[in-house]
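Hi,

Here is the structure I promised to pass on.

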Amino acid sequence: MMMLMELVLLAVGFVMLVKGADWFVDGTSGIADRMGVPQLVIGLTIVAMGTSAPEAAVSITAALKGSAEITIGNIVGSNILNILIILGITSVIVPVAVAKSTIRYEIPYMMLITGVLWYMGYTGNVVTFGEGILLWVLFILYLAYLYVMAMRDKNTDVQEEEGAKPFWKLGLLAAVGLVLIVWGSDVTVDAATAIAKQLGLSERFIGLTIVALGTSLPELFTSVSAAIKGKADIAIGNIVGSNIFNILFVVGTTGLITPVVFQPNFLIDTAVAVGAGLMLLVCVMRKRLLERWSGVLMLVCYGGYFVYLLQG
């Protein structure tokens with residue numbers, strides 16, 4: 001009976017995520033168009049940070065409760081899933097165009113900071129207060145880069161489309177969508193974790209897969225929804241921006257609250273996250289397009305990683 005109840009809650013969580021992501025993309029992309037802000041910038045900032053809210057909530061709450069060791073598993077697992085599963089599924093459904101700046105700057109920066117996180121774990125098995133400050137400095141640099149890019153590419157000749165929603169309605173749509181995303185993610189994570197525990201799966205496996213998938217579901221539904229609606233810049237920007245936000249803001253903020261335990265076996269998982277970023281870069285460099293074959297390759301690679309986790 002308990003298992004049936006958890007399955008029902010899991011389904012409810014999925015419905016909330018689907019509808020929430022749909023409204024959130026409509027609202028934020030509408031605001032971007034009205035303000036003349038490039039879609040890529042919206043994807044790398046508002047959408048990325050909004051869909052990373054579950055990771056932030058889980059990790060920071062865990063730190064406040066004295067369980068900061070789950071932070072790395074949640075973040076690294078989510079970042080791997082974001083690339084291999086979410087961009088894999090999205091590009092299988094519809095090929096995703098990639099902006100030149102994403103290839104030149106954002107993906108390499110994502111790989112760089114993932115490498116920085118790996119080094120922090122390698123040198124001390126913990127992310128210290130000082131390292132938390134360093135991550136925040138790197139986060140501020142990233143925000144400064146986005147600001148410069150937004151000002152450079154800002155469209156000052158914005159024309160009102162006939163029948164366009166009022167600004168306040170777009171804001172409300174985005175806000176309600178974000179609430180549904182975060183709430184739906186919470187419901188989904190709790191239900192999935194309960195099911196996993198009843199099936200006797202390990203804590204590490206749950207953290208790197210089920211909890212990571214649960215907190216990454218907003219990115220999944222938002223990216224797929226954005227790509228289908230022709231907002232490809234939001235789709236790819238959402239994932240890259242979310243991964244950067246996860247490491248710099250979430251781990252950085254958690255490190256300022258309490259030392260973040262970095263277990264040695266997470267070094268392999270963090271290296272996999274760097275490798276996933278490299279694979280993404282290689283796949284999009286030639287045509288600036290994430291094609292269907294790339295998506296299939298990513299899903300196959302995640303399958304191999306999943307088998308490795310099962311054996312661990």
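Below is what turned up, starting with the helices.

A caveat before that: this is a predicted model, with local features needing pLDDT of at least 70, side-chain atom pairs counting only at pLDDT 80 or more, and totals for chains, interfaces and linings using all residues. Numbering runs from 1 along each chain as its sequence is written, and side-chain values use heavy atoms, without hydrogens and water.

Helices here are DSSP runs of H or I, at least four residues, numbered from the N terminus. Helix 1 (residues 2–35) and helix 7 (residues 167–198) have axes that come within 6 Å and cross at roughly 155 degrees. That makes the two roughly antiparallel (angles over 145 degrees, taken from 0 to 180 degrees between N-to-C directions, with axes fitted to C-alpha atoms over the stretch in contact). Their contact has 27 nonpolar, 11 polar and four charged residues (Ala, Val, Leu, Ile, Met, Phe, Trp, Tyr, Cys and Pro are nonpolar, Asp, Glu, Lys and Arg charged, the others, Gly among them, polar).

Just after helix 7, G200 has a positive phi of about 80 degrees.

As for salt bridges (a Lys or Arg side-chain nitrogen within 4 Å of an Asp or Glu carboxyl oxygen), the whole structure holds one. K287 pairs with E291, their closest N and O atoms being 3.3 Å apart.

Cheers

How values were computed: Parallel < 35°, antiparallel > 145°, perpendicular 65-115°, else oblique.
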